[in-house]
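Good morning, colleagues. Please look at the model on the screen while I describe how its parts are arranged.

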Amino acid sequence: MMQKHYQKACDSLTAQTLYVVATPIGNLADITLRGLAVLANADIICAEDTRVTAQLLNAYGIQGKLVSVREHNEQQMADKVIGYLSDGLKVVQVSDAGTPAVCDPGAKLAARVREAGFKVVPVVGASAVMGALSVAGVSEPNFYFNGFLPPKAGERQKLLAKWVEADYPIVMFETPHRIEAALGDMAALFPERTLVLAREISKTFETFLSGSVAEIQTALKDDSNQMRGEMVLILHPAVKEKHSELPEAAQNVMKILAAELPTKQAADLAARISGESKKALYDLALTWKQG
C-alpha cells in the first residue's frame, strides 16, 4: 500500500517546478512519502546546509545533487534556479529543518521563481509551530506567530507590552542563551497568563512545560537541561474580566476590605474569601477610586 502511494507521488511530479519540501525538525521518521518521492526524483536540491541535508538523504538512500542556497546568497542563487527550471529540471528547496521560508531562507527564492513564470509547489510536513500548538491546549481559532523574539532587552520588552491585552495565543521562538531574560520580561507583564514551553519537539529529549511564567522559570532553575535546545513558547490569551459579573457578595467583601487595607492586599484577601478573580476585584476597586 505504501509503495502504491509513493509511486503515485512520483508520477505526479512535473518538470520546470520548484518544490518547497518540509523536512523533519528532529525525528527523521517525520518525513512524508511525498517528500521522499520529490527528493528522490529531483534534479537539483537547494539546501540551507548541504551537510545537514546530506544526512537526511543518506538515511533514506537517496542520491541527489545538492547546491547551497543560504540567506546571504539567496538572491544570487535564484538566477541559477530559474536557469535550471528553464532547462526543464525539477528543483527542490529545503531548509535544515521544517518548512523553508518560515524563519528560514526560501521566501525570496519562491518569489523570484514565481515572478519568472514557473510553478512553486509546497510539500507539507513537520512544523514546530503547529506541533507546539497541537499540544498547548489553546482553543482559540486564530493565533499570532511572531518568530524569534528580539535579542535586545528594550526591543523585546516593547514588543511584549503590545500583547498585554491580547485575546489570542501568541507563538514565538527563543534561544537557550536568551530564555531566562525573556521569561523575566514576561513574568513582569504576564504574571497570571499561562505559558507553554515546548522544547526539542520530536527529538530524544522532547519536553513540554505548562503553567504560569513563574512556574516555568522555577522549572528551568530546577533543571538546567530545560534551557537547552530549540524552543517554542506559546503565550495563552489574556482572560477578559467583566466587573459586572462579580457576585454582589464578592463586591461587598471587596468594598469592606478596600476601606481598611491597601488595594492589592484587599484584592488578594477578597479573592481568597470569595473565590473570584483577584484581578477583577482589584480592577473593580480601582474604578471605585477613580469614580
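This is a predicted model: local features need pLDDT of at least 70, side-chain atom pairs count only at pLDDT 80 or more; totals for chains, interfaces and linings use all residues.

Residues are numbered from 1 along each chain as its sequence is written, and side-chain values use heavy atoms, with hydrogens and water left out.

Strand 2 (residues 44–47) and strand 4 (residues 90–94) pair in the parallel sense over four bridges. Here, two strands pair if DSSP finds at least two bridges between them. Helices (H or I, at least four residues) and strands (E, at least two) are DSSP runs, numbered from the N terminus.

What is the strand order of the open sheet? The five strands run 3-2-4-1-5, with parallel pairing. At the edges are strand 3 (66–68) and strand 5 (119–123), each of which pairs on one side only. From one strand to the next, the twist averages 25°.

Helix 3 (residues 50–59) packs on this sheet and touches strand 2, strand 3 and strand 4; contact means heavy atoms within 4.5 Å. The direction of helix 3 makes about 155° with that of strand 3. Axes are lines fitted to C-alpha atoms, for helices over the stretch in contact, and angles run from 0 to 180 degrees between N-to-C directions.

In helix 2 (residues 33–41), Gly 35, Leu 36, Ala 37, Val 38 and Leu 39 are buried, that is, under 20% relative accessible area with a 1.4 Å probe, protein chains only. The buried residues of helix 2 pack against several elements, including helix 1 (2–11), strand 1 (17–21) and helix 3.

I turn now to the nonpolar cores, sets of buried Ala, Val, Leu, Ile, Met, Phe, Trp, Tyr and Cys residues joined through side-chain atoms within 4.5 Å. Of the 22 residues in the largest core, which touch the most other members? They are Trp 163 and Met 186. The largest share of this core, four residues, comes from helix 8.

Finally, the axes of helix 7 and helix 8 come within 10 Å and cross at roughly 40°. Helix 7 and helix 8 are therefore oblique to each other, a class that holds the angles left when those under 35 degrees (roughly parallel), over 145 (roughly antiparallel) and 65 to 115 (roughly perpendicular) are set aside. Among the residues that meet there are Leu 160 in helix 7 and Met 186 in helix 8.

Methods. Buried means under 20% relative accessible area, exposed over 50%, partly exposed in between (1.4 Å probe, protein chains only).
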